[in-house]
Amino acid sequence: MLHLQRFLYSTIISIPKGRNVNPSDSSNYRGIALSSVYGKLFDNIVLQHYSDVLLTSDLQFGFKAKHSTNHCTFLLKQTLAYYTENQSPAYCGFLDATKAFDRIDYCKLFKGLFNRNLPACYVRVLFNIYSNNFVRVSWCGFLSEYFPAKNGVKQGSVLSPVLFCLYLDELLVALSKAGAGWYIGDIFVGALAYADDIVLIAPSATALRTVLHTCDNYACKYSMSFNAQNSECLVVLPRARRFPAPLEHDCDFRIGGARMDIVSSYCHLGHVITNSLDDGPDIVNRQNSFI
């Protein structure tokens, strides 16, 4: 039983999502699973031997070597600049996935691993580890009883972020096939992701609604949920059409059945992006963070 517990049992600790959040609000905490060294060793073996099987789309920047949030935001800003300089508007949808790591459906996750030709013995071990997963919560020195976790991947483990990106890869592939996003040459740049932070880029309001509908279909099929309250849209116009008033009637975008707010600026992965593509607010934000 002791050897089995080393793989199947873990303890969740809560850490704040930021330095200036309300500590009395449970939604401002992120649960991190503390697992045994044996589980981490197994995860590293899988990653080392089958990294080629676990590759994700080039549209996913999260948890990859030589990739960072800066790369993702840089590509987004360069894409917006490229099209606005060529007198084309850009419609951006920044999506918030509610508790994305906790909503993963094990059946669909491990079916995807089979489809990627990960050896069946490894898939069976992973399936048993996750389907028989027991966790307890540590808070202020007190420990809860162990209880079963029937869905989701453990934040804080070695392999779980990679598994999450594989799960989300189905959405990025579907968006690239929707035929409604931006291309630079023959390269699709209409959807960019860093783990569960997703931004959609479309040439028109109709195109953005099309890709949002694709996201809704994915959410229904893969047990995900996009929160419209925390999802926002940014409309970037060419310099000759910098005032968005004529487009207000087009700006009704919905995800999960609820309307998304239209904003003039958005903080994407720590970088402020404005509808005028002005770097000033981002520079001030970075200066304040440094101070």
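Reader: What makes the meeting of the side chains of aspartate 279 and lysine 77 a salt bridge?

Author: In this predicted model, the N to O distance is 2.7 Å. The cut-off is 4 Å, between a side-chain nitrogen of Lys or Arg and a carboxyl oxygen of Asp or Glu. Aspartate 279 and lysine 77 meet it, so the pair is called a salt bridge.

Reader: Which parts of the chain does the pair link?

Author: Distant ones, 202 residues apart. Aspartate 279 sits in the loop between strand 16 (271-274) and helix 8 (280-290). Lysine 77 belongs to helix 3 (residues 69-85).

Reader: Why does aspartate 279 count as partly exposed?

Author: Its relative accessibility is 38%. Buried means under 20%, exposed over 50%. Aspartate 279 falls in between, so partly exposed is the term.

Reader: And what makes lysine 77 partly exposed?

Author: Lysine 77 has a relative accessible area of 21%. Buried requires under 20%. Lysine 77 therefore counts as partly exposed.

Reader: How do you know that arginine 116 and aspartate 169 form a salt bridge?

Author: Their side chains meet at 3.2 Å, N to O. The limit is 4 Å, so the pair qualifies.

Reader: Is aspartate 169 buried or exposed?

Author: Buried. Arginine 116, at 25%, is partly exposed.

Reader: Why is the pairing of aspartate 252 with arginine 254 called a salt bridge?

Author: The closest N and O atoms are 3.6 Å apart. That is within 4 Å, so the term applies. Aspartate 252 is partly exposed at 29%. Arginine 254 is partly exposed at 42%.

Reader: What joins Asp252, Arg254 and Arg259 into one network?

Author: Salt bridges that share partners. The structure holds 4 salt bridges.

Reader: Now the nonpolar core. Which residues have the most contacts inside the largest one?

Author: Leu113, Leu200, Leu208, Met224, Phe226 and Phe253. This core has 81 residues. Helix 6 (residues 160-177) gives the largest share, 9 residues.

Reader: What is leucine 208 in contact with, leaving aside neighbours within four places in sequence?

Author: Tyr91, Cys92, Gly93, Leu200, Ala202, Cys233 and Phe253. Contact here takes heavy atoms within 4.5 Å. Two of these partners, Leu200 and Phe253, are also among the core residues with the most contacts.

Definitions and conventions:
Residues are numbered from 1 along each chain as its sequence is written. This is a predicted model: local features need pLDDT of at least 70, side-chain atom pairs count only at pLDDT 80 or more; totals for chains, interfaces and linings use all residues. Side-chain values use heavy atoms; hydrogens and water are left out. A nonpolar core is a set of buried Ala, Val, Leu, Ile, Met, Phe, Trp, Tyr and Cys residues joined through side-chain atoms within 4.5 Å. Buried means under 20% relative accessible area, exposed over 50%, partly exposed in between (1.4 Å probe, protein chains only). Helices (H or I, at least four residues) and strands (E, at least two) are DSSP runs, numbered from the N terminus.
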